[in-house]
Amino acid sequence: MIQPKIPFRNSLSDNGRMEGRLSRLLSFLTPLVILLLVYVLFGMFPFGQKSLLITDMSQIYVDFHSWFYDALKGGDSLLFSWNTGLGMNMVGALTFYLSSPFSFLVLLFERSQIPDALLLITLLKVGSCGFTFSFYSSKVLKFNGIRNVIFSSMYALMTYVVVYALNIMWLDGIIMLPLVLLGVHSLVEKGKILPLTVSFLIAFITQFYIAYMIGIFSILYFLGVMFRVGKPSWKTFRNRSGKFILSGALAGFMSAFLLLPTYFSLQYVYLYIASSNPGAHTLTPVELISKMALGSYDTLTYGLPNLFCGTLCILLGVLYFLNRSIQCREKMIAGGMLVILLLSMTFWPVNIFWHAFDEPTWFPYRFSFLYCFVLLVLSIRCFQQLDGLKGWHIAAAAGGASLCFGSVLLFGLEHVTAVQIGTTVALLCVYALLLAAMRYRPQAALAMTLVLAATVMVELYDNTNKMVHAMDTEFRYNDRASYVSYVENRSSVIQSIRQQDPGWYRMENHDMRNANDSLSLDYYGMAHYDSFTNQHMSQFLSHLGVTTTVQNRFLRYYGSTSVLDSLLGIKYVLGTNERRNGYTEIQSFGNDQKVFLNQNALSIGYMVDDGLRNFTYDSTSQKDPFYLQNKLLNAMDGREYDYYTPIHMASTMTSDNITMESYNDWWYSVSKNKSSGNSYISYTITNPKAQNVCFYLPSVGLSEQNYVYVNGELYGPWGYDLIGAIDLGWWEADQEITVSFELRDDSCYLGEPQFYGFDGHAAGLLFDRLKEHQMTDIEMGTSSVKGTVDAGEGGLLFTSIPSDPGWSVEVDGKPVQLVNIADAFWAVELPEGQHEVSFSFIPQGFRIGVILSITAFILAVVLIYCIDYRGKRKKYPPVDEDPDPV
């Protein structure tokens with residue numbers, strides 16, 4: 001083996017194996033301790049009141065880990081949950097959010113301590129990032145000691161990791177990347193497929209989304225390793241390429257028990273909806289450079305890629321291409337990789353390719369960690385070959401990089417300040433002096449390395465601290481006590497309801513913390529939010545008035561009317577006030593928490609007119625939820641009646657600070673004037689008769705943070721956002737009603753407001769008729785439900801079970817065909833008489849996925865034995881004896 005030329009020794013020890021082990025241990029502990037120190041000084045619990053609950057960590061992960069905790073402790077299904085989304089296929093959520101082995105650490109905590117478990121998991125994952133990079137650089141680059149710790153810490157605490165740590169499942173991909181590439185080396189240099197197959201398998205299982213990006217990059221890396229010194233023979237290339245493909249295929253098939261049902265789930269629940277993502281533009285070189293500066297942060301939403309991994313890497317990255325000890329072919333391959341990654345960030349269509357052809361919602365450029373990895377590897381290669389540099393190389397690189405950063409100030413970018421640029425330039429100069437001292441004073445290399453390590457660690461702490469505070473400024477980390485208090489208070493209310501009513505029903509919460517409350521609070525609910533929300537069902541509910549955002553993935557309880565609550569079996573509602581028809585207050589708790597009973601709530605299944613089978617709606621049309629609810633109720637009842645009646649609007653008023661122009665026959669373009677003062681829009685009607693009055697305002701680009709006022713008074717005790725259908729409550733005849741809101745957006749589009757009167761008495765009579773033939777004696781399983789139905793003269797049993805191809809049904813023990821209603825809910829045809837109906841759920845593709853995984857595992861054992869062990873006496877033609885990867 002040709003060893004890299006290292007003219008000085010600056011490691012902690014010359015003891016080979018012990019040196020590597022110690023450097024890996026320190027590479028694990030150092031970034032963990034730095035991040036922990038930042039959190040401690042920031043005030044994370046138990047060192048303060050803050051928690052890691054911010055954006056997706058607060059809206060998804062804490063609730064999903066609570067559900068995961070309950071499933072493991074209580075023996076519930078990990079593939080399905082009745083708690084959320086009206087009953088949801090959870091295999092996609094499990095694979096995407098929870099399949100990391102770190103997730104099992106929640107079992108070490110009490111259920112109320114899930115936020116604390118997430119903190120521990122985050123720290124351990126960040127430390128593991130440093131460990132695996134250290135392992136890679138030790139084995140592949142023969143790079144150990146304190147130098148290894150420096151670069152491993154930069155990998156573990158690059159801005160991408162710190163900022164995107166709130167999506168902790170992505171960190172598993174950062175952990176696995178070095179191990180996958182180490183497996184590539186084992187395959188290319190030794191002909192072994194075991195390391196690559198195992199690393200691919202773990203990557204696919206723990207985080208298939210980031211594993212997709214790693215898989216693409218591994219192909220580029222594989223080609224780079226194959227051609228890094230010279231062109232291999234066709235026989236060698238064919239042999240290694242075949243094994244590379246074989247490793248990926250074996251890993252893919254062995255993970256089929258999760259990936260296949262996840263694929264089928266995506267195929268069914270996903271709806272393509274065009275997006276006008278403001279991040280979809282061509283990035284400029286100046287923007288890319290600005291994101292390499294220390295402390296550079298713009299936003300978590302649709303901002304720029306996170307490219308900072310240490311100022312030292314910027315300097316060494318430039319010096320790599322000036323280093324005369326590194327071969328030109330290697331530089332060309334390395335440069336090609338950097339160019340491909342940077343161009344992928346620059347051009348949106350290529351960027352989408354890296355994101356599996358799905359435009360990311362927030363958190364853009366999710367593959368930018370690959371660029372940081374390449375830059376770190378090149379930096380190590382240059383650091384190992386300092387004898388290939390001249391003093392003017394170092395000076396020119398530092399000067400050129402400083403000029404590039406300085407030029408950023410000329411463009412007036414808001415996310416980077418003169419102080420940040422000045423600090424970055426100062427660090428470039430410091431690192432240049434240290435590198436020059438190492439180059440020309442080998443005897444002082446150890447001392448200089450220690451100074452270098454200290455400087456880098458301070459820089460990493462400073463950048464990490466800046467990222468945490470910047471995210472807190474933009475979105476705020478939630479207080480731990482508020483989460484614990486919320487869960488405990490509402491859990492006691494839910495437990496009280498269960499003690500009084502042990503039957504089947506759904507409940508919801510007007511004052512929800514987020515859309516996944518039901519997973520943390522353990523009740524059967526409607527709201528849900530994640531990447532695997534059943535968008536067909538969610539889209540249908542949105543046309544019925546329920547609030548859905550983020551391409552129908554964010555389904556909330558806002559906008560649900562008393563009609564929808566009754567049809568979906570929502571029997572109890574938690575809140576402070578209830579204006580809708582048909583609800584009775586039955587309990588009151590502290591802090592104005594009340595429980596309302598929906599007297600018209602139906603069972604999970606009930607007989608309806610067979611005409612519902614032909615019910616359709618136009619998902620592309622303008623939303624009129626009350627008209628569609630009329631149509632739905634009439635289809636269920638088999639007779640025509642206007643439960644909702646439109647009310648003519650008397651006037652539209654706007655303040656002097658708003659310009660409203662007709663955009664087309666339906667929409668108005670609305671914009672704020674630049675004059676000072678608040679901007680309000682008001683709509684006024686005169687109620688023609690005593691009735692409940694409902695309101696809906698179609699909008700595009702309207703912020704949800706617009707409180708509704710009714711006749712000048714705030715709707716609800718703490719306000720109600722202008723989202724979804726709104727029941728304004730009971731109004732007497734001839735009363736004037738004015739609905740107004742403050743426009744907080746600079747501009748948006750508003751449709752014609754819709755006012756409808758609701759005949760609650762007639763709706764109550766309909767629900768009474770439906771109750772006569774509803775499912776009774778209901779027995780709930782973890783992924784099944786059965787009950788008895790008196791079908792009368794026979795007809796269609798409608799259920800509020802969201803349609804998913806994993807469902808099957810038996811009537812009196814015999815399988816029958818399911819009927820899909822509006823591509824949203826299941827129904828089943830029943831003959832005359834009384835029947836036992838049993839629904840069961842197994843994710844589509846799960847059975848065949850398990851069979852494929854078992855078969856692939858057996859095949860993998862045989863092939864690995866034959867290739868790696870039985871064939872180890874064969875002399876595979878070496879591709880190159882140089883262990884360097886690029």
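Residues are numbered from 1 along each chain as its sequence is written, and side-chain values use heavy atoms, with hydrogens and water left out. In this predicted model, local features need pLDDT of at least 70 and side-chain atom pairs count only at pLDDT 80 or more, whereas totals for chains, interfaces and linings use all residues.

Figure 1. A cavity is a set of points on a 1 Å grid over the protein atoms alone where a 1.4 Å probe fits but cannot get out. Grid points are joined across faces, edges and corners, and a volume is the space filled by probe spheres set on the points.

Figure 2. The volume of the second largest cavity is about 60 Å³. Residues lining this cavity include Phe-540, Leu-541, Leu-632, Met-636, Phe-798 and Phe-825. The lining has 10 nonpolar, no polar and no charged residues. At least two lining residues come from each of α22 (535-543), α23 (562-567) and α24 (625-637); helices (H or I, at least four residues) and strands (E, at least two) are DSSP runs, numbered from the N terminus.

**Figure 3. Gln-629 in helix α24.** Gln-629 lies in α24 and is buried, with a relative accessible area of 1%. Buried means under 20% relative accessible area, exposed over 50%, and partly exposed in between (1.4 Å probe, protein chains only). The side chains of Gln-629 and Thr-561 are joined by a polar contact of 3.0 Å. Such a contact is a pair of N or O atoms within 3.5 Å; within protein, one must be able to donate a hydrogen and the other to accept it, and residues adjacent in sequence count only if both atoms are side-chain atoms. Beyond its neighbours within four places in sequence, Gln-629 is in contact (heavy atoms within 4.5 Å) with Leu-544, Thr-561, Val-563, Leu-564 and Tyr-644.

**Figure 4. The second largest pocket.** A pocket is an open set of grid points with protein on both sides within 12 Å along at least five of seven lines. The second largest pocket holds about 830 Å³ of space. Of its 34 lining residues, Phe-208, Tyr-209, Leu-266, Asp-358 and Phe-532 are the closest to the centre. The largest share of the lining, seven residues, is supplied by α11. By class, 21 of the lining residues are nonpolar, seven polar and six charged.

**Figure 5. Helix α8 and its cover.** Helix α8 (residues 194-206) has 13 residues and spans 18 Å from its first C-alpha to its last, close to the 18 Å expected at 1.5 Å a residue; the expected span is 1.5 Å times one less than the number of residues. Its buried residues include Leu-196, Phe-200, Leu-201 and Phe-204. Among the elements covering them are α3 (91-98), α7 (171-190) and α10 (234-254).

**Figure 6. Pro-805 in a loop.** Pro-805 lies in the loop between β26 (795-802) and β27 (807-811) and is partly exposed, with a relative accessible area of 36%. Apart from neighbours within four places in sequence, Pro-805 is in contact with Tyr-268, Trp-826 and Gln-844.

Note on methods: On a 1 Å grid over the protein atoms alone, a cavity is a set of points where a 1.4 Å probe fits but cannot get out, and a pocket is an open set with protein on both sides within 12 Å along at least five of seven lines; lining residues have an atom within 4 Å of a point. Ala, Val, Leu, Ile, Met, Phe, Trp, Tyr, Cys and Pro count as nonpolar, Asp, Glu, Lys and Arg as charged, and the others, Gly among them, as polar.
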